[in-house]
Amino acid sequence: MAPDGEGPDGKRPARHRVVIIGSGFGGLFAAKALRRAPVDVTLIDRTNHHLFQPLLYQVATGILSEGEIAPATRDVLRRQRNLEILLAEVDDIDLTARTVAANQMDRTITVPYDSLIVSAGVHTSYFGHDEFSHYAAGMKSIDDALELRGRIFGAFESAEAEPDEAVQRAWLTFVVVGGGPTGVEMAGQIAELSHHSLRRNFRHIDPSQARVILYEGGEEILAPFGRHNSKSARKVLEQLGVEVHCGAFVTDMDDETVEVRFADGHTERIEARTKVWAAGMTASFLGHRLAEQIGAQVDRQGRVGVLPDCSLPGHPEVFVVGDLMALDGVPGMAEGAMQSGRHAAHEIERHLRGEEGRRPFHYVDLGQLAVVSRFRAVAKIGWFQIGGVLGWLLWLVVHITFLTGFKNRLGALAHWAISFMGRNRAERVITEQQVIARQMIKAHREGSADDEEADLAG
Ligand SMILES: Cc1cc2nc3c(=O)[nH]c(=O)nc-3n(C[C@H](O)[C@H](O)[C@H](O)COP(=O)(O)OP(=O)(O)OC[C@H]3O[C@@H](n4cnc5c(N)ncnc54)[C@H](O)[C@@H]3O)c2cc1C
């Protein structure tokens with residue numbers, strides 16, 4: 001790592017400049033770890049919040065409000081005086097000039113750094129079928145969760161208003177693609193909604209007649225949680241009325257249907273108006289930009305290989321952490337991001353104290369958890385597999401501990417009491433905008449791009 005950065009004009013800035021890209025788990029924990037360091041931190045994110053992604057499914061299914069899982073980053077870090085926040089989208093990183101280029105309110109800004117921590121994470125991947133995004137929202141952002149909330153509750157409204165029985169059935173058929181924790185949580189919650197929370201809410205439909213179908217391409221759902229957990233989660237889901245299909249690949253979809261190919265080779269097309277995509281993620285394009293500049297390749301998920309200390313090969317001043325980092329034995333999970341973010345911050349501090357050498361990052365595996373239904377969760381901690389009510393209590397403690405902000409913890413506890421004791425949903429507001437906004441914005445952007453091209457050509 002270079003000594004404290006000299007500015008381009010040759011003047012030595014007062015303090016070492018650390019730029020952090022991303023206010024997710026990696027970025028936030030790196031920023032917090034630098035609060036007493038003699039550095040000036042600039043945290044850049046395209047959103048104004050720190051998102052607790054593990055609870056997105058609860059926003060989508062009306063349990064929690066978006067504010068409870070996404071506090072404003074400025075507020076979370078308001079006491080950190082050595083830190084500035086830029087609401088901007090990073091377009092590029094120049095490793096030679098040591099600058100980050102970003103779009104801030106339609107202006108291009110260039111932010112110089114002495115040390116850089118890149119924690120830009122991953123986004124939804126449709127495995128080469130980007131057209132699926134029109135019909136099936138992913139689960140990665142507040143926009144996604146609110147859109148899904150609109151689509152799920154909107155589907156029951158559409159069914160209630162629909163005179164044609166076949167179309168009504170299609171509105172009451174929900175398909176979840178992907179049997180990982182998010183898919184399982186979504187399927188379980190939609191089933192809970194239809195069987196319990198929405199009871200007596202409608203006059204022309206019986207919400208409990210809704211079909212919830214979970215398609216998983218692999219041999220079992222929740223495979224990383226171990227055989228026992230996987231089997232028990234499937235049993236609980238089936239008791240809730242979820243139809244679980246493993247070895248089932250979604251090969252096509254449109255507004256009204258989904259086509260699935262099963263392990264035995266046969267395909268089926270079913271009528272389903274509401275689809276949830278919980279099947280895959282791919283890394284931020286910034287991974288490619290970094291890899292290109294060091295002459296390396298990204299891995300299959302687009303992640304950048306780093307040295308054992310989380311730094312970029314040949315660039316000890318640049319750290320890649322969290323989901324964007326490819327490092328043996330570190331999973332793409334919140335704990336991995338928090339720990340690697342903190343590690344990068346500590347390495348920068350050690351360097352500034354003049355300590356020689358680099359310490360490798362040691363990931364401490366605290367296990368993983370997934371909620372299957374009310375009072376039922378599965379957990380895998382090392383060799384231990386925990387399920388049922390015990391798993392759920394563990395889930396409760398972990399989530400209350402890690403949720404950001406005291407007010408949010410209180411709010412979440414109150415909402416959980418409403419949902420889990422009373423089976424009610426406190427956050428059922430849907431607006432027309434939420435459902436169509438993503439597609440309208442996309443169409444608008446594509447339209448603007450076409451107009452620009454036409455202007456250039458003309
Ligand atoms: C639905 C869901 C459920 C999950 N459940 C669990 C769970 O139960 N347990 C668990 O351990 N993990 C879970 N995870 C994974 C966990 O959330 C991630 O591992 C963690 O968020 C990774 O942290 P990160 O900092 O690498 O990325 P993120 O938290 O994704 O943060 C990336 C940040 O970078 C910003 N950003 C990206 N690109 C740019 C750009 N070009 N310019 C500016 N800003 C940018 C984004 O806005 C975002 O704020 C879940 C993830 C999802 C999506």
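Two strands are taken to pair if DSSP finds at least two bridges between them. Helices (H or I, at least four residues) and strands (E, at least two) are DSSP runs, numbered from the N terminus. The structure described here is a predicted model, in which local features need pLDDT of at least 70 and side-chain atom pairs count only at pLDDT 80 or more, while totals for chains, interfaces and linings use all residues. Residues are numbered from 1 along each chain as its sequence is written.

By these criteria, S4 and strand S5 (residues 99-104) run antiparallel and are joined by five bridges. Within S5, Val100 is the residue that stands opposite Ile93. The pairing extends to an open sheet of three strands in the order S4-S5-S6, again antiparallel. Strand S4 (89-94) and strand S6 (107-112) form its edges, each pairing on one side only. From one strand to the next, the twist averages 25°; the axes behind such angles are lines fitted to C-alpha atoms, for helices over the stretch in contact, and angles run from 0 to 180 degrees between N-to-C directions.

Another open sheet of three strands has the order S13-S14-S15, with antiparallel pairing. Strand S13 (248-253) and strand S15 (267-271) each have a single partner strand, so one side of each is left without a neighbour in the sheet. On average, and with direction ignored, neighbouring strands here are turned by 30° against each other. Five bridges connect S13 with strand S14 (residues 257-262) in the antiparallel sense, and Phe262 in S14 is the bridge partner of Ala248.

The domain assignment, whose bounds come from an automatic or database source, gives domain 1 (16-46 + 88-124 + 282-352) and domain 2 (130-279). Their C-alpha centres lie 35 Å apart.

The interior may be described through nonpolar cores, that is, sets of buried Ala, Val, Leu, Ile, Met, Phe, Trp, Tyr and Cys residues joined through C-beta atoms within 7 Å. A residue is buried if 20 or more other C-beta atoms lie within 10 Å of its own, exposed if 12 or fewer, and partly exposed in between, with C-beta atoms placed from the backbone. The largest core holds 74 residues, of which Val177, Ala187, Leu237 and Val276 touch the most other members. Helix H5 (residues 142-161) supplies the largest share of this core, eight residues. Apart from it lies another core, of 54 residues, among them Phe29, Ile44, Leu77 and Val122.
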